[in-house]
Amino acid sequence: MDVQLDPAGDDLPLMANTSHILVKHYVLDLDVDFESQVIEGTIVLFLEDGDRFKKQNRSVEEDCQSESNKGCKLGMPEPCHVPVTNAMTFSSEMEYNDCAICSKGEKDTSDKDGNHDNQEHAAGISSSKRCCDTGNHGSEEFLLVLDCCDLSVLKVEEVDVAAVPGMEKFTRSPELTVVSEELRNQIVRELVTLPANRWREQLDYYARCSQAAGCGELLFDTDTWSLQIRKTGAQTATDFPHAIRIWYKTKPEGRSVTWTSDQSGRPCVYTVGSPVNNRALFPCQEPPVAMSTWQATVRAAASFVVLMSGENSAKPTQLWEGCSSWYYYVTMPMPASTFTIAVGCWTEVKMEPCSSGDSATETPFSPPEADFRRVGVCSHMEYPCRFQNASATTQQVIPHRVFAPVCLTGACQETLLQLIPPCLSAAHSVLGTHPFSRLDVLIVPANFPSLGMARPNKDKTGHTSDSGASVIKHGLNPEKIFMQVHYLKGYFLLRFLAERLGDETYFSFLRKFVHAFHGQLILSQDFLQMLLENIPEEKRLELSVENIYQDWLESSGIPKPLQRERRAGAECGLARQVRAEVTKWIRVNRRPRKRKRREREAVFEKLLPDQLVLLLEHLLEQKTLSHRTLQSLQRTYHLQDQDAEVRHRWCELIVKHKFTKAYESVERFLQEDQAMGVYLYGELMVSEDARQQQLARRCFERTREQMDRSSAQVVADMLFQ
């Protein structure tokens, strides 16, 4: 590869050669083993070579130029015009072998350096330098490069799609009667380009093909960040097999999933917002440009629930006593990083019988066929789009399920279930059509990194090679996920724009923007440019993409518009009420321990959670607060029972003023709110108080094995360096 990395650095490479070949669909067939903390099985990749998608891009570009279509974006195939059927009615009980666990009998031929081949290491590629990954390179062979790390790859083989009954319909050329590489590749080309209204048939054929026999093992090699595959004699992406099967298993230390326990102490595993995304879960193409669909069959012990980011509400199928299978699929092409899985002993939380909310959560959306008719034109690549479905566009509350640990089912039933329908309805009223047909909500364990889903800014990505490989600068820096200034600025920029334009204009634009760009990759420039083009001249008030970038992205510190907003916000009624309460508390803190008998007790107002945060932030500015005042604060507002934001400020006060009677609250916060607790560890260590530092080390020893890896590394550096 032509990507240069500093072995001692923290840059994150994206190695996949997406400029030459793209994965269009993944079929995963996996087993989850909690005893060994390993997920193993097979993944089948259906590929499209660069010649075809480059022609599609050129065709779209020509259409854009000839028609001056503002909604048309380069790099997208033809618009979606087809009516679709409801994805949720597709049966998960497909007629193929759910129980095939072929990798169980395979020997792991990994050597200590992480290199693998099918039989002997000498049969593989001893070094990736022997092959280049360009599309056409003379006597050298084409190399398929996938993003991959922390995986044991056991075998790679070509799939004989031509042997699947019924696949002859996908062979256009009568002269291709002899089974050959060209015939198999033509079948895959036809399969991956089936029109959207044949999505059920397409998924069925993908499943059948994924179970077909192999027709030849492929040579492969792995390094730290990639899996490289080649076939002897295949010199271009067009010649390379378009359907391949990879036998592999994850490693317990893999960075894409976390093996831990839920709040009830039961084992679970789930994908986390790791900097390496999903490449330690399955070999994939990491760059977002590699938009693909997928389907997955996952087996686990019958006591476990398998949840995935699929479009169908999967139910378990019992295979044999003690083992169940779950099947999910996605028909909307998305980056591989959006694939999620969570397996645990969770309980589905449902409304009490006779509740008015039952229909919203239990009844699948299945309108009559007459309701499926075209609604406008989409600019994304073709897929079964809900924006093309007249009934889906008016569906305010999509079907949803809620899963939680046993110990939290009561709280979810009492509070969370009531909130989801109005939230979904509000999202529909502001943004329009829900892009997905359903929703699963999972109460995650305490060690879930709340900032973990943040991704490095594209502007920080280094040079992109001709193959599509690139490097994200400092993408592996464990402290990066805690430096969220750009996300905070983005939030306040959106608020600033809403206040500048007015809610009616701003929300009207958001709805229009979502409709125009759904199903596509977008940049902040797209958003800002369309915003300025769609607001009246008198409301722009000197706004431009250039000055927004200058004020909000390129300048350090708090943007000037936000400083003005802060000054204005300080005069609002809620803020004035907080300042009045702060004055009361300062007065209380100054009182002598023994007061005059006639002096009145202070009466404090009831405050909202956001007001409590502001109150505690003001009190943090005070040099000293007596323990008597802190105890009164805790008793007045029941601070130990407030939300995490309030409790975090409260813990800061405890640490600052060494309020030993409340150290138990700090310990609880560090254990139950681990992602936010990272900052608190820093406060405990900076204080240079022996008892506080001992508390920090004690809490870390209790939780370090369950903590998110990046969080644990950052905390360890604080405590022991």
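Helix α14 (residues 609-620) packs against helix α16 (residues 644-656) at an angle of about 20°, and their axes sit 9 Å apart. Keep in mind that you're looking at a predicted model. The chain has 721 residues, and buried ones make up 51% of them.

- How do α14 and α16 run relative to each other? Angles under 35 degrees count as roughly parallel, and therefore α14 and α16 are roughly parallel to each other.
- The crossing of α14 and α16 is left-handed.
- On the α14 side, the contact is made by Pro609, Leu612, Val613, Leu616, Glu617, Leu619 and Leu620.
- On the α16 side, you'll find Glu645, Val646, Arg649, Trp650, Glu652, Leu653 and Lys656 in the contact.

- Strands of a sheet pair through backbone hydrogen bonds, and they can do so parallel or antiparallel.
- Here 3 strands make an open sheet, in the order β17-β18-β19, with mixed pairing.
- Which strands are at the edges? They're β17 (347-349) and β19 (439-442), each pairing on one side only.
- On average, neighbouring strands of this sheet are turned by 35° against each other, direction ignored.
- Strand β18 (residues 400-404) runs parallel to β19, and 4 bridges join the two.
- If you want a spot to look at, find valine 402, which stands opposite valine 441 in β19.
- Helix α6 (residues 409-431) lies across β17, β18 and β19, and runs at about 155° to β18.

- Aspartate 440 and arginine 401 meet through their side chains in a salt bridge (2.8 Å, N to O).
- This pair links distant parts of the chain, 39 residues apart: aspartate 440 is in strand β19 and arginine 401 in strand β18.
- Is arginine 401 buried or exposed? Its relative accessible area is 6%, so arginine 401 is buried.

**Other salt bridges**

- The count comes to 25 salt bridges.
- One of them joins the side chains of arginine 230 and glutamate 141 (2.3 Å, N to O).
- Arginine 230 belongs to strand β8 (residues 226-230), while glutamate 141 is in the loop between α1 (50-67) and β4 (144-147), so this pair ties together parts that are 89 residues apart in sequence.
- Both arginine 230 and glutamate 141 are buried.
- Glutamate 158 and lysine 231 form another salt bridge, with their closest N and O atoms 3.0 Å apart.
- Glutamate 158 is in strand β5 (residues 151-159) and lysine 231 in the loop between β8 and β9 (243-250), so the pair ties together parts 73 residues apart in sequence.
- Glutamate 158 is buried, at 2% relative accessible area, whereas lysine 231 counts as partly exposed at 23%.
- Which residues share salt-bridge partners in one network? They're Glu158, Asp160, Glu181, Arg184 and Lys231.

**Contacts along the chain**

- Take the contacts between residues at least 6 apart in sequence: 74% of them join residues at least 24 apart.

Notes: Residues are numbered from 1 along each chain as its sequence is written. This is a predicted model: local features need pLDDT of at least 70, side-chain atom pairs count only at pLDDT 80 or more; totals for chains, interfaces and linings use all residues. Side-chain values use heavy atoms; hydrogens and water are left out. Two strands pair if DSSP finds at least two bridges between them. Axes are lines fitted to C-alpha atoms, for helices over the stretch in contact, and angles run from 0 to 180 degrees between N-to-C directions. Contact means heavy atoms within 4.5 Å. A salt bridge is a side-chain nitrogen of Lys or Arg within 4 Å of a carboxyl oxygen of Asp or Glu. Buried means under 20% relative accessible area, exposed over 50%, partly exposed in between (1.4 Å probe, protein chains only). Angles under 35 degrees count as roughly parallel, over 145 as roughly antiparallel, 65 to 115 as roughly perpendicular and the rest as oblique. A crossing is left-handed if the near helix is turned anticlockwise from the far one by less than a right angle, and right-handed if clockwise.
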